[in-house]
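Student: I have a new structure to read. Can you take me through it feature by feature?

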Amino acid sequence: MAVAEAGVRVAPQVVEESVARKILRVLAKAPVHLLLVFIGVLWLIPTIGLFLTSLMSPADISAGGWWQIFSKPSIATLESYRALWENESLRTALLTTLEITVGATVLPIVIAALAAYAFAWLDFPGRDWLFIIVIGLLVVPLQMALIPIFSFYNAVGLFDTVLGLILFHTAFGLPFAIFLLRNFFIGIPKDLLESARIDGASEFRIFTRLILPLGLPAIASLAIFQFLWTWNDLLVALTFGRDVRPITVAILSQLSEFGSSIEIIAPASFISLILPLAVFFAFQRYFVQGLLAGSVK
Amino acid sequence: MSGASVSAEPPLREAPPPDVPAGESRWRRWLIAAAFLAPAVILLGIWVVYPAIRTIIRSFFNAAGDHFVWFANFEELFTTDLLLTAIKNNALWVAIVPLFVTSIGLIFAVLTERVRWSVAFKTVVFMPMAISLLAAGVIWRLMYIQDPNQGTVNAAIAAVKGVVEPEGALPTAEPSSPQLVGNPGSTLTLKTPLDPGQVAVLGLSAIPDADVPEGAKQAVKPPAKPDGITGVVWRDFKPGGGKIGKVEKGELGLPGVTLELKDSSGKQIATATSAADGTFAFERLAQGSYTVAISGDTFAQPFAGVDWLGDQLITPAIMIAYIWVWAGFAMVVIAAGLAAIPRDVLEAARTDGASEWQTFIRVTVPLLAPILSVVFITLVINVLKVFDIVLSVAPSSSQDDANVIALAMWRVSFSGQNDFGVGSAIATFLFLLVLPVLALNIRRFRREV
């Protein structure tokens, strides 16, 4: 009896001790968790601020900050978004952005994949030197091309055209695209290619049937990068477009008369970042992989 | 293949197998390669290589492009105030931002290393990388609005300040008569010293109705007390005006005001608080002369907001926005490097008695050095080319003060001035600055292969 009692008494003591230890362990880590939560909130606030501002009427915006919505949720309204939708020029700007982005994503991928295959698996004189030049072009600031291309576009009628913007983005996306794809393609097992060659497949057939499918992860990374670069571009469109203007340029022109037009700028900016964010969330894995594969640009 | 194998002809990979299908000539193989390369070579040639060379040549010609002017454009670059500001600002950017971003990235990566929900944290911090720098600029332009009622940053500062040094009850009040002296917003002192038995009359005006403290009653001039100084602090104003310096019917006392009593040497010896009718009293005073003052707290101005977007703070303000965008990049890349460090190396250090901090500084950081330098260099290149975010955070009034090289290049070339000579010189200068990185990249590539 006494023994049993003692045993009963001892047991909870042991449990208690381990619980205490557990609590201690959690407590010891608590500062880190709290700090991370704090930083996370800090990092989110600016974007949330923009979003909530975009849900407010001009009168409420001038009356106070976005945090009003927490105390008075009833002031939230989609009015600004409705107005935005009825704003012809901003709608056109979104459409233009989409056109430029699709063109400037597909074209460089196709062209770079062809070149990357040659660099990885075809033999020709001067291959290594040519590739080193491509790596060199990685860091050429696009400012180096603005003035000559501006004159060139004016001369050949590419100024203020979607095609002109697509071609510029394509050319400046190529070095990174070739670099990334070549490094991926070269890791494809050699045996696969050799057996295909022995079977008599043409290089083009090998490229379309073997390399492209196997290179899909790298191509996906690249597509996301290229998409984000062109979607988010301001400088190129600002230089080579006047009437053809993507959303970034449209927002910038509103920005020059800031204060009076927050109710346009806030929702327009939010709309402009919602698609890149969606792409980022959907393909985060590829994005990070691409980043790690070539954080040089 | 280590760093030692940097030869003239880097061995990229083994030569292609000799058993190429028979009948296929070398020429044919070259032709196929050329076909694969042609689109890329043509695009790069016309849009990148040729323009780059043109820009370098163009930088030696005048604005119209018809006169060779040697280095005159570069001279202008280093002597024009506006362009010098751009270079100075960009130097600051390079000196500050990459270091900050890399350090923050390292700290975040280490903090999240052993946290279970690190993916959520990383996603949040990395998110700004996906949005345009223009949108990021708009976001921060909203954050930086000066009015603490609207700008988030100033609202946060105001909230902290409100606790540390709260706003005074009567921030706008002014003395109603020249008897009270002091600077606006600080202590107001009654000019003439008083002896016990006298009454202090402290009239204030310029107080809006909304600021009159709750519970204020008709002001009363208190009776004198032989061993003390009594007085009244009141709103020396009534509809229609009233007489200055006289407590009249319809004028309200100001309750809750702190009054200070100082002796002849200026030392504060007592404080009192005014009652609902504005009266106060300092009692049991020794003989002597005293001065009465209204405490400066009463007039403490409300926080007007830091002028982030003004000419003084604009560059640091934009830098903060930029760090917000890029910290996630640094964190993700460094975290990947951290994950690749072999655990047993760290364990060995700890077994040898190294503390966490020593392990971090002596083992982790040196092992991460290559990754840290990649992040740092990436940031340096990007910071040298910073453009969009400056244009969107800085209002046009402070854009000259926030100027950077890429913005100067664009403004000189395309926004009215259209000086392609100086514009080309600025672009060439920018190119020269990133040139060392080009050399570095090539060396790294050759080592890798």
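Student: In which sense do strand 5 and strand 8 of chain B pair, parallel or antiparallel?

Tutor: Start with the general idea. Strands of a sheet pair through backbone hydrogen bonds, either parallel or antiparallel. This is a predicted model. In it, strand 5 (residues 229-235) of chain B pairs with strand 8 of chain B in the antiparallel sense. Four bridges join the two. To find the place by eye, look for Thr230(B), which stands opposite Ala281(B) in strand 8 of chain B.

Student: Which strands of chain B pair with strand 9?

Tutor: Strand 3 (residues 188-190) of chain B runs antiparallel to strand 9 (residues 291-294) of chain B, joined by two bridges. There, Thr189(B) has Ala293(B) as its bridge partner. Strand 6 (residues 258-262) of chain B also pairs with strand 9 in the antiparallel sense, over four bridges.

Student: How many helices and strands does chain B have?

Tutor: Chain B has 13 helices and nine strands.

Student: How is chain B divided into domains?

Tutor: Domain 1 of chain B takes in 74-149 + 308-414, and domain 2 takes in 174-299. Their C-alpha centres are 54 Å apart.

Student: What do the box and the radius of gyration of chain B say?

Tutor: Compare the radius with that of a globule. For 449 residues, a compact globule would have a radius of gyration near 22 Å, but chain B has 35 Å. Its C-alpha atoms fill a box of roughly 125 × 70 × 35 Å along the principal axes.

Student: Now chain A. How many helices and strands does it have?

Tutor: Chain A has 15 helices and zero strands. Its radius of gyration is 28 Å, well over the 19 Å from the globule rule for 297 residues, so chain A is more spread out than a compact globule. The C-alpha atoms of chain A fill a box of roughly 95 × 65 × 30 Å.

Student: Why does the span of helix 14 of chain A agree with its number of residues?

Tutor: Count 1.5 Å a residue. Helix 14 (residues 262-282) of chain A has 21 residues and should span 30 Å; its end C-alpha atoms are 30 Å apart, which agrees.

Student: Where is the kink in helix 14 of chain A?

Tutor: A kink of about 25° lies at Ile274(A), shortly before the proline Pro276(A).

Student: How many residues does each chain bring to the contact between chain A and chain B?

Tutor: Chain A brings 75 residues and chain B brings 79 residues. Helix 1 (residues 2-54) of chain A gives the most to the chain A side, with 13 residues. That side has 52 nonpolar, 18 polar and five charged residues.

Technical notes
Residues numbered from 1 in each chain as written. Chains lettered and ligands numbered in written order. Predicted model: local features only at pLDDT ≥ 70, side-chain atom pairs only at ≥ 80, totals over all residues. Domains from an automatic or database assignment. Contact = placed C-beta atoms within 7 Å. Nonpolar A, V, L, I, M, F, W, Y, C, P; charged D, E, K, R; others polar. Pairing = 2+ DSSP bridges. Expected span 1.5 Å × (residues − 1). Bend = angle between axes of the 7 residues up to and from the residue. Rg over C-alpha atoms; globule rule 2.2 N^0.38 Å.
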